[in-house]
Amino acid sequence: MSYLDYSLGTIPTGWRKLLHVLWPLVFLLSAVCAIGFLMLYSVAGGRLDTWAEPQMMRFAAGMVGMFIVGFVPIWVWRNSSVVAYAVSLVLLMAVDLVGEIGMGAQRWLEIGPLRLQPSELMKVSLVLLLAAYYDWLDVKRVSRPLWVLIPALLILLPTALVMKQPDLGTAILLLAGGGAVMFAAGVSLWYFATVIALVGGLVFAVVESRGTPWQLLQDYQFRRIDIFLDPGADPLGSGYNIMQAQIALGSGGWGGKGFMQGTQARLNFLPEKHTDFIFTTLAEEFGFVGAASLLTLYALIVAFCFQSAMRNRDRFGSLLTYGIGSTFFLFFAVNMGMVTGLMPVVGVPLPLVSYGGTAMIILLTAFGLVQSAHIHRPR
Amino acid sequence: MRRFPKLDLDMQRRTTRRGMLLAGLQGLFVGTLAYRMRHLQVEQAGEFQLMADQNSVKIRLIPPARGLIHDRKGVLIAGNEQNYRVTITREDVEDVPGVLHDLSRLITLPDDEIDRLIKDIDKRPPTLPITVAERLSWEEFSRVAVNAPVLTGITTEVGLSRFYPHGGDFAHVLGYVGPVSDYDLSKMQDPDPLLQIPKFQIGKLGIEAKYEDQLRGKAGTRRIEVNATGREMREIDRREGDPGANLRLTLDARLQNYVLARLGDNSAAAVVLDLQDGAVRAIASAPSFDPNLFVRGISSADYQTLTENDHRPLADKTVQGAYPPGSTFKMVTALAALEAGVTTPDETVYCRGYTELGDRRFHCWKKGGHGSVSMVESLEQSCDVYYYEMAQRVGIDKIADMARRLGVGVRPDLPMSAIAEGNAPTKAWKRERYGKEWLIGDTLNSGIGQGYVLASPLQLALMMARVATGKALEPRLVQAVNDVDVAVAAPESLGIPEAHLRPVRGGLFAVMNGKSGTARASRIAEPTMQMCGKTGTAQVRNISAGEHASGVVKNDNLPWKQRDHALFVCFAPADAPRIAVSIVIEHGGGGSTAAAPIARDILLQALYDGFPPLTAYPEGQRSLIEEQRKTLPLADPASFTGGSARA
């Protein structure tokens with residue numbers, strides 16, 4: 001316990017909360033965002049107004065959101081978790097419905113000037129609800145089948161909706177993020193072993209189903225898998241992204257080509273250079289040093305979350321922090337894994353760096369929940 | 001509400017343990033990522049740096065040659081011709097508008113075209129060569145080639161472009177290719193990178209569209225090394241693509257050409273089926289249009305001429321047109337009546353010129369009536385009253401059932417565009433479509449092929465083919481893909497007893513050869529080739545009450561648009577059927593005068609696989625036929641020599 005904790009001996013109130021904010025997290029987040037601005041400035045060819053400036057506005061909004069959420073007592077969030085989940089679910093269904101009417105994939109919901117991606121919201125709400133669920137649940141029942149089934153359904157329902165959009169990246173994030181909370185909550189390891197075995201079997205079935213009338217994936221999704229396994233097979237089609245991303249990454253070398261000196265992104269070799277593939281620009285311009293630094297910053301953010309979670313004696317706050325930390329981890333791990341060619345391209349942005357509608361605001365606000373759990377933890 | 005946190009030390013420890021485990025797993029993955037980055041960025045850096053260095057190694061697509069289409073005898077009906085064009089590759093160019101402006105001084109390139117190109121170029125991947133201009137003359141082409149060194153990023157190349165050597169003959173069945181549009185792309189998921197090439201040709205209609213996947217082929221790639229100005233220095237390696245599959249159709253180019261020529265200026269459609277296996281030997285819609293115009297990008301003036309023509313050259317009347325089959329439908333009613341057991345072939349019905357139904361009179365086309373007619377006589381003289389009676393006895397639903405078995409009201413499965421389903425109406429259909437009850441008058445009208453009954457010329461030919469053979473033939477157009485024959489199942493029996501088919505065919509024989517047959521003038525004289533047929537006339541307008549009183553206005557005195565459609569279906573030889581023909585002449589008047597002679601000529605042409613001897617025609621007509629042959633606008637016979645394939 002720090003000196004302040006000791007002298008106050010109780011949960012802070014009012015402006016004193018400022019003293020208890022997990023400041024290292026705030027600094028780390030700001031640093032990552034700052035890298036994001038630099039990269040967006042660079043890929044826009046030295047223009048602020050294309051991507052960097054709107055991104056800064058969102059950063060400001062997100063930071064304000066983080067502090068507001070952080071200052072609200074954690075039990076308020078606990079009590080509103082069911083509502084948050086329900087709202088997210090309804091929005092998700094609404095998006096599916098709108099998409100069906102529009103006859104195509106739709107991920108956005110436009111409410112006036114706001115473009116909201118309910119799946120982003122769901123990532124946070126799901127973690128919130130699961131944490132509240134395990135807080136409420138008697139610890140002796142955690143591993144009983146029925147009580148495992150409930151959170152499993154809570155996870156699968158939005159995952160299925162997101163899959164239908166189809167947004168494989170988000171579906172993976174939801175599944176693994178929810179799984180992380182269950183894991184932290186102490187659900188028996190046997191369940192996880194079973195699920196992993198089942199997923200392995202499913203992957204096998206999916207691959208085997210190819211070409212049969214009941215094939216489980218769309219043809220273009222199969223092609224993505226092929227191309228992941230051998231990007232050279234289709235260097236101008238779907239393999240193009242992966243090939244060019246790796247050229248950009250690899251050509252960065254140790255120290256990179258220097259800020260604004262990347263040729264791959266500037267010459268428009270790179271697709272989605274400002275969203276999913278922005279990491280390649282960083283790696284090209286700042287080399288291994290730059291890439292490793294960003295990776296370290298990300299790892300530190302997760303580490304601080306986990307440290308706070310371990311120290312938190314409030315079960316809800318602790319699980320919530322684990323959940324948000326893990327979701328954040330999945331975000332950057334999947335993106336970097338995909339860009340470096342360790343995983344198939346599934347379309348997940350690099351958190352806080354990629355240019356993206358509401359994603360940054362929601363992510364920063366989610367860290368507000370971590371702050372709230374940290375500030376209002378029992379002493 | 002303030003709540004007290006649960007303090008369960010044991011649980012807390014467990015959670016912390018799990019947290020550690022989670023952190024450990026995540027740390028492991030972060031380590032893997034770091035290792036992977038090191039691998040790419042430190043160990044393999046040299047290799048990738050080389051690749052990125054001015055991106056000196058470039059990948060280019062090699063567009064495949066589109067599959068050729070031949071007729072059944074190997075005559076080329078869709079090929080590729082050389083096309084001189086100029087392309088631009090964005091990644092090589094600093095100043096796209098500048099280069100295009102320079103280029104516009106060498107070849108004709110209007111300013112609005114330049115603006116459009118600049119927009120287009122921005123949307124496409126930078127490595128794709130984009131067509132700036134094509135079909136250049138040799139002079140223009142060489143002017144650009146000579147100046148190429150100062151025009152960075154501009155490449156001259158000889159590509160292939162679709163060419164239809166027989167012009168309009170196959171326009172409707174083959175369709176045509178055209179440049180891929182944004183709309184085409186929006187319909188596809190993860191489209192072939194080839195399609196990203198602007199002006200890349202894809203099938204838009206007909207077989208070209210239905211067999212697009214096979215005809216297109218697969219792109220090859222070549223990796224080239226270029227210098228700083230983007231000029232190709234050497235080719236590093238090359239992965240050849242696969243050319244598109246070649247198709248051989250069941251069509252006969254020569255017959256098709258004859259059919260179109262014989263249809264002449266009429267707005268008409270004709271279908272020739274081989275009764276062996278349902279192969280379509282000719283399928284022609286007149287007037288036609290030159291599909292090459294569409295490949296090259298049709299001018300708005302040409303397009304307007306086509307759309308404003310009241311004979312609708314762009315419509316494919318053979319499969320898209322749906323016409324009341326008129327009296328040709330009587331064979332369906334007759335077969336339905338026999339199957340239902342409500343009559344026998346020998347039973348006679350008395351025709352006094354009309355049937356009374358309540359206070360309405362349904363007229364036979366012959367005012368005074370036919371007197372007593374049997375089934376054969378009813379077909380021979382096309383007596384309406386006989387079929388009013390039969391339709392009433394059988395009921396509409398059984399007639400519709402028979403019609404479907406013979407192919408009317410069932411969409412044929414052919415690789416052509418916008419195929420009409422036709423209509424075999426039932427009571428339920430009318431209720432659903434119009435919300436009204438079926439009336440007995442509707443049954444009477446349907447029994448003679450008027451009213452709600454609709455069939456396309458293809459369906460009429462199919463109906464004829466099935467009656468002629470008693471087998472459930474299916475039409476087919478593609479004989480072989482890449483010289484591998486398409487498997488055809490032997491047609492099954494329709495399940496209509498021979499005892500029912502025989503009197504119907506007898507009636508159709510009498511139509512042509514009987515003393516009072518309606519199409520006797522168009523018979524075949526050659527005894528081994530004698531034909532069976534049925535005329536039909538489809539009303540286009542309603543006959544007014546005034547006309548009923550004063551007598552129906554003669555067709556010839558009506559404006560073209562209001563005249564009746566003339567229909568004819570036939571097959572031959574009568575005793576061993578080989579070929580079936582259907583023909584519809586829009587607003588041609590009566591089936592026997594307008595349609596039957598043309599159908600007979602086509603039938604003979606198909607039977608003899610060329611011009612038949614004059615002795616096949618009835619004696620009095622031979623000199624006339626000889627005269628007519630000289631004036632037919634046929635194509636040069638040299639263009640039908642097999643295998644004269646251009647590229």
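This is a predicted model: local features need pLDDT of at least 70, side-chain atom pairs count only at pLDDT 80 or more; totals for chains, interfaces and linings use all residues.
Local features are drawn from residues with pLDDT of at least 70, side-chain atom pairs count only at pLDDT 80 or more, and totals for chains, interfaces and linings use all residues. Residues are numbered from 1 along each chain as its sequence is written, chains are lettered from A and ligands numbered from 1 in the order in which they are written, and side-chain values use heavy atoms, with hydrogens and water left out.

**View 1. Chain A carries 16 helices and two strands.** Helices (H or I, at least four residues) and strands (E, at least two) are DSSP runs, numbered from the N terminus. Chain A has 379 residues, and 54% of them count as buried. Buried means under 20% relative accessible area, exposed means over 50%, and partly exposed lies in between (1.4 Å probe, protein chains only). Of the contacts in chain A with a separation of 6 or more, 72% are between residues 24 or more positions apart. A contact means heavy atoms within 4.5 Å.

**View 2. Chain B has 23 helices and 21 strands.** Buried residues account for 53% of its 647 residues. The accessible surface of chain B is about 28700 Å², and 51% of that belongs to carbon and sulfur atoms. Among chain B contacts between residues at least 6 apart in sequence, 72% link residues at least 24 apart.

**View 3. Five strands of chain B form an open antiparallel sheet.** The order is E12-E11-E21-E20-E19. Two strands pair if DSSP finds at least two bridges between them. Strand E12 (280-286) and strand E19 (532-538) of chain B each have a single partner strand, so one side of each lacks a neighbour in the sheet. Direction ignored, neighbouring strands are turned by 5° against each other on average. Helix H19 (residues 457-469) of chain B packs on this sheet. H19 touches E11, E12, strand E20 (565-572) and E21 of chain B, and its direction makes about 145° with that of E21(B). Helix H22 (residues 591-608) of chain B lies across E11, E19, E20 and E21 of chain B, at about 35° to E20(B). Axes are lines fitted to C-alpha atoms, for helices over the stretch in contact; angles run from 0 to 180 degrees between N-to-C directions.

**View 4. Strand E21 of chain B is mostly covered.** Seven of its seven residues are buried. One side holds B:Ile579, B:Val581, B:Ile583 and B:Ile585; the other holds B:Ala580, B:Ser582 and B:Val584. Strand E11 (residues 268-274) pairs with E21 (residues 579-585) over seven bridges in chain B. Across that pairing, B:Val271 stands opposite B:Ser582, and B:Leu273 has B:Ala580 as its bridge partner. E20(B) also joins E21(B) through seven antiparallel bridges. Here B:Ala572 stands opposite B:Ile579. A hairpin of six residues links E20(B) to E21(B).

View 5. E14 (residues 354-357) and E15 (residues 360-363) run antiparallel, with four bridges between them. B:Glu356 stands opposite B:Arg361.

**View 6. The largest nonpolar core holds 110 residues.** A nonpolar core is a set of buried Ala, Val, Leu, Ile, Met, Phe, Trp, Tyr and Cys residues joined through side-chain atoms within 4.5 Å. A:Phe279, A:Phe332, A:Met336 and A:Phe367 touch the most other members. Helix H14 (residues 278-311) of chain A gives the most to this core, with 16 residues. Not counting residues up to four places away in sequence, A:Phe332 has contacts that include A:Leu295, A:Tyr298, A:Leu350 and B:Val30. A second, separate core of 94 residues includes B:Leu306, B:Ile496, B:Leu567 and B:Val584.

**View 7. A:His376 sits in the segment after helix H16 (359-375) of chain A.** A:His376 counts as buried because its relative accessibility is 4%. Its side chain makes a polar contact with the side chain of A:Lys17 (3.1 Å). A polar contact is a pair of N or O atoms within 3.5 Å; within protein, one must be able to donate a hydrogen and the other to accept it, and residues adjacent in sequence count only if both atoms are side-chain atoms. Not counting residues up to four places away in sequence, A:His376 also touches others, including A:Ile11, A:Phe71, A:Pro73 and A:Trp75.

How values were computed:
Accessible areas come from the Shrake-Rupley method with a 1.4 Å probe; for residues, only the protein chains shown count as cover.
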